[in-house]
Amino acid sequence: MTARGARITRVSGPLVQVDGADAAMHDVLELGPHRSPGEVVAVRGAHVTVQAYEYTGGLRPGDTAVPLGRPLAAPLGPWLLGGLFDGLLRPLAGAPVWLAAGSLTAAPAHGPARRFTPRVAPGDTAAPGGVLGTVATGGPIAFRVLVPPHVSGRVGRVAAPGEYGPGDTLATVGAVPVTMTASWPVRTPRPYEARRTADAPLLTGQRVVDAFFPIAKGGTAAVPGGFGTGKTLLLQQIAKWCDADVIVYVGCGERGNEMADVVAELSTLDDPRTGGRLLERTVVLANTSNMPMMAREASIYTGVTVAEFYRDMGYDVVVIADSTSRWAEALREFASRSATPPAEEGYPADLASALAAFYERAGAVRTLGGGHGSVTIVGAVSPPGGDLTEPVTANTERFVRCRWTLDRDLAYARHYPAVSWSASFSRDTGLIGADYARRADPGWAARRARALDVLADADRIAALADLVGTSGLPAHERMTLLTGRLLRDGVLQQNALVVNDASCTTAKSAALLEAVLTVSDRCHALVEAGAAPACIEAVDFGPLLRARETAGPGDAHGVAGPRDAVLAGLDAAAGRTA
């Protein structure tokens, strides 16, 4: 039977059975009168099982199905930055309030004209990934028209500088026409020349991350935490303040009001790097919890494909996925509907492989064109009931380089970001410490190690103090408890609503941390010299604790005054007890 005779024979939620379709695994079919897209997930003889990416209400047996003969692909072009899209990269601007089948269409092949400036001439030799020219987008990120992968040869015709549409040929390379748009299968990683060592830190502006659990450009991180611990807010702060060139924010299965808040904030927030709007270098993919389940599953791959597209232009890109747990739940629901034997907690047996395939698309690379680019992936994990041993969290931990665990007790104590210093880790600290040492901060690793040791000792002593009381502890242990409090309240805590504290440079982070450790040394020295611990604890440490808000985001020198005021207070208190 030919593809013309392909007919729908059964509809079960997002799963549609089609008979007579000439289609292979992962091919896309258009289903029914609205031509709703779907992807082949099983082939059994003449029967093809398709997962639909739109609401299937109204589809019925007998409706036609049209195979397109290609896998699910993302349309890529200069319209992406500043846009809001669904999981298939279809624009949501102008979409109706309730998305019905057929209400969204792919990015138009004939959109507004944009100015093209060539960078090659006829007769030049072009290799894959080479830059043919640039297209003006009106934003801070230059859009580079690249030679497609697997295409090379002599440049034929080159368009003159001027205005061109998305479908117009800008150049020919080896007789292959090249436009400003491209299409790439979302489940296939884009090629690159070689991987590079990811040793340069991605600066997020969040002290607990940059100073204690850093992530490299090209690294991976998971943010597990229960309900109400601040995952979304932390990811939003990273999206706002990190030093990446391009941000790809994937809202995967989250609440619609949270996605609306993200889009509203990004559209009004000034970009500290360019002075424009942060949305101008951000791509937002929104697949909220009431959108189709399988579009949620595809949105993760679509987001990382967009990131690889800009990585190949030589940019550092961050993919923020909120959350991978909702994506895994879509996999579980699909596996249940397709009668796949369940594994642990009902998730499919290939959950670990799917997570690995996603996170492995991160990395710092040398592009096909010889430039440098990176994709960093930060994924939120929402374990049910805060159980960090459940399958998604446990398997994610196997494949990421960093874990920023959000602690419920810290969150309920209004300590934000609620990143646990005892349950978090970073496997990039060695390489990043060496990078800091090369960039004139050789003490970064030692400060970090000492602060973490103090926090661990303070936690241990606090448990003992709950039994015997603080007054029953030796003097040096009481000073360790004091130092732990200063680190928690003066360094680790950060207020996203205060301009001076919403983001923090590495210089200011180092100054705050060094100030607390200097005060700690003075406290220990004074009690060893005979000062009463109670008198030391009674000193006003407020100036030091408020320094994170009184000093500007990059004002490292503004920490010195509060530090010196506290040191003077300590010396005065010790003199009164001498």
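**Close-up views of a predicted model**

**View 1. R277 sits in the loop between α3 (256-268) and β21 (282-287).** This is a predicted model, in which local features need pLDDT of at least 70 and side-chain atom pairs count only at pLDDT 80 or more, while totals for chains, interfaces and linings use all residues. Residues are numbered from 1 along each chain as its sequence is written, and side-chain values use heavy atoms, with hydrogens and water left out. Helices (H or I, at least four residues) and strands (E, at least two) are DSSP runs, numbered from the N terminus. R277 and S267 are 10 residues apart in sequence, and their C-alpha atoms lie 6.4 Å apart. Skipping neighbours within four places in sequence, R277 is in contact (heavy atoms within 4.5 Å) with S267, T268, L269, D270 and D271. R277 counts as partly exposed because its relative accessibility is 36%; buried would be under 20% relative accessible area and exposed over 50%, with partly exposed in between (1.4 Å probe, protein chains only).

View 2. With a relative accessible area of 5%, T220 is buried. Its side chain reaches the backbone nitrogen of R401 at 3.0 Å. Leaving out residues up to four places away in sequence, T220 also touches a list of others, among them I215, Y359, A362 and I377, as well as F399 and C402.

**View 3. Two hairpins follow each other through β3, β4 and β5.** Strands pair when DSSP finds at least two bridges between them. β3 (27-31) and β4 (residues 36-44) are antiparallel, over 4 bridges, and here L29 stands opposite G38. The hairpin they form has 4 residues between the strands, and G32 in the turn has a positive phi of about 70°. Moving on, β4 runs antiparallel to β5 (residues 47-52), joined by 6 bridges, with V40 facing V50. This hairpin has 2 residues between its strands, and G45 takes a positive phi near 65°.

**View 4. H26 and E345 have positive phi values without being glycines.** For H26, phi is near 75°. H26 lies in the loop between β2 (15-19) and β3, and at 38% relative accessibility it is partly exposed. For E345, phi is about 55°. E345 belongs to the loop between α5 and α6 (351-359), and is partly exposed too, at 45% relative accessible area.

**View 5. Here are two cis peptide bonds, D322 to S323 and Y416 to P417.** At the bond joining D322 and S323, omega is about 5°; S323 falls in the loop between β22 (316-322) and α5 (324-337). At the bond from Y416 to P417, omega is near -10°; P417 falls in the loop between α8 (408-412) and β26 (425-426).

**View 6. L464, L467 and V468 make up a nonpolar patch on the surface.** Together they have about 300 Å² of accessible area, computed by the Shrake-Rupley method with a 1.4 Å probe, where only the protein chains shown count as cover for residues. A patch takes residues with over 30% relative accessible area and no salt bridge, joining like charges within 9 Å and nonpolar side chains (Val, Leu, Ile, Met, Phe, Trp, Tyr) within 5 Å. A salt bridge is a side-chain nitrogen of Lys or Arg within 4 Å of a carboxyl oxygen of Asp or Glu. V468 lies in helix α10 (residues 444-468) and is partly exposed, at 48% relative accessible area.

Key
Polar contact = N/O pair within 3.5 Å; in protein donor to acceptor, adjacent residues only side chain to side chain.
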